[in-house]
Amino acid sequence: MEYDMPEINSKERSADKFATASFVLGIISLFSVMCCCPFVFSAIGIVLALLSKGASETLRPKAKTGLILSIVGIGVSLVITVFTIAFPLVMYRTNPEFRKNMNNAMEQTLEHDEGLFRQLYGDEFYEQLEEFIKEDDSI
């Protein structure tokens with residue numbers, strides 16, 4: 001028995017490659033939500049899914065899945081990013097204990113940095129800053 005294999009043209013092959021790449025990037029965007037650049041992977045996945053459509057009227061199944069995964073990846077990333085920025089700000093404004101702890105942590109960090117500066121340069125930071133400003137004014 002001989003089977004007649006239909007010829008797949010180069011446009012269909014490239015569309016399949018775009019669809020597969022979109023699917024893979026959609027998966028990567030979900031796994032990279034907590035550690036890497038999920039926005040980059042998601043954006044590229046969406047673009048590749050749309051490019052895989054080519055001249056056809058519908059997306060291929062892998063491209064649809066890649067598009068959905070990439071959109072979910074962007075959504076989850078946005079939620080985590082907003083929460084990461086908004087939560088400390090809200091806590092700082094509404095919780096006096098949190099504000100006190102943050103201020104103490106910042107003061108300790110500043111003291112540590114000043115001590116490190118003193119060890120490296122032998123002077124107080126503010127003394128060197130004043131000298132720098134005086135030198136700049138004399139120019």
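Ser52 is found in helix α2, where helices are DSSP runs of H or I with at least four residues, numbered from the N terminus. The model is a predicted one, in which local features need pLDDT of at least 70 and side-chain atom pairs count only at pLDDT 80 or more, while totals for chains, interfaces and linings use all residues. Residues are numbered from 1 along each chain as its sequence is written, and side-chain values use heavy atoms, with hydrogens and water left out.

With a relative accessible area of 1%, Ser52 is buried (under 20% relative accessible area, 1.4 Å probe, protein chains only). Its contacts (heavy atoms within 4.5 Å), not counting residues up to four places away in sequence, are Ala15, Phe18, Ala19, Leu59, Arg60 and Ala63. Ser52 also lies 8.6 Å from Glu12, C-alpha to C-alpha, although the two are 40 residues apart in sequence.

Turning to helix α3, the buried residues there are Ala63, Gly66, Leu67, Leu69, Ser70, Gly73 and Ser77. Their cover includes α1 (10–31) and α2 (38–53).

The axes of α1 and α3 come within 7 Å and cross at roughly 25 degrees; axes here are lines fitted to C-alpha atoms over the stretch in contact, and angles run from 0 to 180 degrees between N-to-C directions. That angle makes α1 roughly parallel to α3, a term for angles under 35 degrees. On the α1 side, the contact is made by Ala19, Thr20, Ser22, Phe23, Leu25, Gly26, Ile27, Ser29 and Leu30. The α3 side contributes Lys62, Ala63, Thr65, Gly66, Leu67, Leu69, Ser70, Val72 and Gly73.

Notes
Buried < 20%, exposed > 50% of the residue type's maximum accessible area, 1.4 Å probe, protein only. Helix = DSSP H or I, 4+ residues; strand = E, 2+ residues; numbered from the N terminus. Parallel < 35°, antiparallel > 145°, perpendicular 65-115°, else oblique.
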